Amino acid sequence: GNAVEQGLRTSDRVFYPKTYSASNLDGEFYSYMGVEWLPRLGAEGTTYRICARAFDSFSEARRCWVIEVVRCMYCTTGDDRESIQSVAARFSSNWLQLWAANGPEWVKADQDSLAASKVTAWSQTENPNYIQQGALLKLGPVYVTRQDQALEDLAARFHTTVKSLLAANPDIRAMGGDKP
């Protein structure tokens, strides 16, 4: 399947009567099916266009959405309790970089987009040993490179390693960006 299908989940279809009557369930029904999509790791920096089609015997409707998977962000999973150290290890970083990137200033600056996405940003930096499930963390700053910049130079500039840059930006490897 394609990249969208890899993280696509649907709920069971539920039927609701158009007019409710406990004694008559033979009438017309509305139908609802929820859809949830979790981008795969490595989709950072990618924009997807996702369309859905709803239809019945009389009409049809199609809706499309554009979803941008932002760079240098990570949303914790519900699988395990995560700490700032476990997230840092996952992205070949260190806890201090994550702690510094997730102060309350960024939440305040991005509050409109956070509210629209219904994601809770992690800004509880006073307790770095616990990150709530489903929390959004900044992994570091987003930097737009020039075409002639080498990863080694960027790693030196930001006091990190090429391995860390590739862990936080897996799409660079797909574009051949890990070659000297």
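1. Thr76 and Gly134. A polar atom of the Thr76 side chain lies 2.8 Å from the backbone nitrogen of Gly134. A polar contact here is a pair of N or O atoms within 3.5 Å; within protein, one must be able to donate a hydrogen and the other to accept it, and residues adjacent in sequence count only if both atoms are side-chain atoms. This is a predicted model: local features need pLDDT of at least 70, side-chain atom pairs count only at pLDDT 80 or more, and totals for chains, interfaces and linings use all residues. Residues are numbered from 1 along each chain as its sequence is written, and side-chain values use heavy atoms, with hydrogens and water left out.

2. Thr76 sits in the loop between E7 and helix H2 (84-90). Helices (H or I, at least four residues) and strands (E, at least two) are DSSP runs, numbered from the N terminus. Thr76 is buried, at 5% relative accessible area. The classes are buried under 20%, exposed over 50% and partly exposed in between (1.4 Å probe, protein chains only). Leaving aside neighbours within four places in sequence, Thr76 is in contact with Glu82, Ile131, Gln132, Gln133, Gly134, Ala135 and Leu137. Contact means heavy atoms within 4.5 Å.

3. The sheet. Three strands form an open, mixed sheet in the order E7-E9-E8. E7 (73-75) and E8 (120-121) are the edge strands, each with a single partner, so one side of each has no neighbour in the sheet. Strands pair if DSSP finds at least two bridges between them. E8 and E9 (residues 135-138) run parallel and are joined by two bridges. Ala121 stands opposite Leu136 in E9.

4. Aromatic pairs. The count is two. Tyr74 and Phe91 have ring centres 5.3 Å apart and planes at 65°, so they are edge-to-face. Rings of Phe, Tyr and Trp (its six-membered ring) pair with centres within 6.5 Å; planes under 30 degrees apart are stacked, over 60 edge-to-face, the rest tilted. Tyr74 is in strand E7 and Phe91 in the loop between H2 and H3, so the pair ties together parts 17 residues apart in sequence. Tyr74 is buried at 9%. Phe91 is buried at 5%.

5. The other pair. Tyr143 and Phe158 have ring centres 5.2 Å apart and planes at 65°, again edge-to-face. Tyr143 is in the loop between E9 and helix H6 (151-157), and Phe158 in the loop between H6 and helix H7 (162-168), 15 residues apart. Tyr143 is partly exposed at 30%. Phe158 is partly exposed at 31%.

6. Ala100. This residue is in helix H3 (residues 95-101). Ala100 is exposed, at 55%.
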